[in-house]
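Please look over the sequence and the structure shown below before reading the briefing that follows. The notes after it are grouped by topic.

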Amino acid sequence: MTDRELQLKAVHLRQKTLEAIYEAGAGHTGGGLSCLDILNVLYNRILKVSPETFGSPTRDRYVQSKGHSVEALYAVLADRGYFPEADLKTICHYKSHYVGHPTRHIPGIEMNTGALGHGLPICIGMALAAKMDGAAFRVFTLLGDGELAEGSNWEAAMAAGHYDLDNLTVIIDHNTLQISGHTRDVMSNEPLDEKWRAFGWAVKTVSGHDYAALTEALSQPAEAGKPTCVIANTVKGRGVSFMENVAKWHHGVPSEAELKQALAELAAAEATLKGAL
C-alpha cells in the first residue's frame, strides 16, 4: 500500500471515527485524530498480526496505553476485518462491549487499558517474556504525551533499559495538548528525547502524520540492547480545521452541524488526494 493509498484510507478512518463518537455521544475526538495516522501505519505496514493470527503466540503485540482514544483504534480494527464496521455504531450503547476504553471483549484488543501509565509496564512484561522464551515477536505501545506525567511510565522505562528490551517500541503521540491545556503548562515533560535517552533508549523523532517517516522509524532494526522510543509530533484534531490544536476537543463531541462540516472537509481532502493520483 503506497503512502497516497494510506492517506486516502486515513480520510475514511477519520470519517468513521467522528461518526462513531457522534453516535456514541461521547469520546476523545482530538487525540483520536492525532494518533490515527500512527495506527494506520502500524496495522497496515508494521504489525505482524491479523484477525486470523491474533491467537498465535508468534504474533506482534500492540497495547494502546492512551486508551481514551479507543474510537480511532476501533475504526482501524474494523477496517482490518477484526469485526464488522457496523459495530462502530454501537459504541457506548446499552449492552455493547464497545466501551470508551480498550477491553479484551473486543477482537484484536490485547489488553484492557485506560488508567494512564499502565500500558508501558504491561508491555515490559510482554517483551521480557519474549526474551525469556527466545520468541521473535515485537511489542509496541502508544502513549500520550500528557500521560507521561504518570510515574509508572518512568519506572517501566528504567526497567526496559535495564533488561535490554530491544524488542520493545514506544510511540509517543506528541500533540502537546491534554484535557486541561498545553502539556508544557500542566506538567512540562521536555526535553523528551533527552529523558528517554537517559533511561537507555534509542530515540527517533518524526512527524506523526508522515507515512514514509513513520514507516522507516517503526520498521528499522532496533539498536542492539536498546528499546526504541519514537516521538511522533502530531496535531490534536488533525484533519478538521476547527478541531486542530484546540484543547476543548480533547473530550469534545461534535454536534450534528459540526459533524457535517467535519465530514465535508474530509470529503474535500479525499477529492484532492484522488485528483493527485
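Which residues of H3 are buried? They are Val70, Glu71, Ala72, Leu73, Tyr74, Ala75, Val76, Leu77 and Ala78, where buried means under 20% relative accessible area, exposed means over 50% and partly exposed lies in between, with a 1.4 Å probe and protein chains only. This is a predicted model, in which local features need pLDDT of at least 70 and side-chain atom pairs count only at pLDDT 80 or more, while totals for chains, interfaces and linings use all residues. Residues are numbered from 1 along each chain as its sequence is written, and side-chain values use heavy atoms, with hydrogens and water left out.

**Helices**

- Helices (H or I, at least four residues) and strands (E, at least two) are DSSP runs, numbered from the N terminus.
- Because 9 of the 10 residues of H3 are buried, this helix is largely enclosed by the rest of the structure, and what covers its buried residues includes helix H1 (3-24), H2 and S1, with contact taken as heavy atoms within 4.5 Å.
- H3 is followed by Gly81, which has a positive phi near 90°.
- Helix H2 (residues 29-46) has 18 residues and spans 25 Å from its first C-alpha to its last, close to the 26 Å expected at 1.5 Å a residue; the expected span is 1.5 Å times one less than the number of residues.
- A kink of about 40° in H2 is centred on Leu36, the bend at a residue being the angle between axes fitted to the seven residues ending there and the seven starting there.
- With 17 of its 18 residues buried, H2 is also largely enclosed by the rest of the structure.
- In helix H8 (residues 211-219) the buried residues are Tyr211, Leu214, Thr215, Ala217 and Leu218, and they pack against H1, H2, strand S2 (139-144), strand S3 (168-174), strand S6 (202-207) and strand S7 (228-233).
- At the start of H8, a side-chain oxygen of Asp210 comes to within 3.1 Å of the backbone nitrogen of Ala212; a polar contact is a pair of N or O atoms within 3.5 Å, where within protein one must be able to donate a hydrogen and the other to accept it, and residues adjacent in sequence count only if both atoms are side-chain atoms.

**Aromatic rings and charges**

- Rings of Phe, Tyr and Trp (its six-membered ring) pair if their centres lie within 6.5 Å, and planes under 30 degrees apart count as stacked, over 60 as edge-to-face and the rest as tilted.
- By this rule there are 9 aromatic pairs, one of which is the edge-to-face pair of Phe83 and Tyr98, at 5.0 Å centre to centre and 65° between the planes.
- Phe83 and Tyr98 are 15 residues apart, both in the loop between helix H3 (70-79) and helix H4 (119-133), and their pair links distant parts of the chain.
- Phe83 is buried at a relative accessible area of 6%, and Tyr98 is buried at 8%.
- The rings of Phe242 and Trp249 have centres 5.9 Å apart and planes at 65°, so this pair is edge-to-face; Trp249 is buried at 3% relative accessibility.
- One aromatic cluster is formed by Trp154, Trp196, Phe199 and Trp201.
- The charged end of Arg59 sits over the ring of Phe54, 5.2 Å from its centre, and that of Arg61 sits over the ring of Phe137, 3.8 Å from its centre; the rule requires NZ of Lys or CZ of Arg within 6 Å of the ring centre and within 35 degrees of the ring normal.

**Two residues and their contacts**

- His68 lies in the loop between strand S1 (61-64) and H3, and counts as buried at 12% relative accessibility.
- Not counting residues up to four places away in sequence, His68 touches His28, Gly100, His101, Leu116 and His250.
- Lys195 is in helix H7 (residues 192-198) and counts as partly exposed at 30% relative accessibility.
- Leaving aside neighbours within four places in sequence, Lys195 contacts Trp154, Asn189 and Glu190, and its side chain reaches the backbone oxygen of Asn189 at 3.5 Å.

**Backbone geometry**

- Most residues other than glycine have a negative phi, and most peptide bonds are trans.
- A cis peptide bond, with omega about 0°, joins Glu190 and Pro191, and Pro191 is in the loop between helix H6 (183-187) and H7.
- Asp164 is not a glycine but has a positive phi of about 55°; Asp164 is in the loop between helix H5 (151-162) and S3.
- Thr176, also not a glycine, has a positive phi of about 65° and is in the loop between S3 and strand S4 (177-178).
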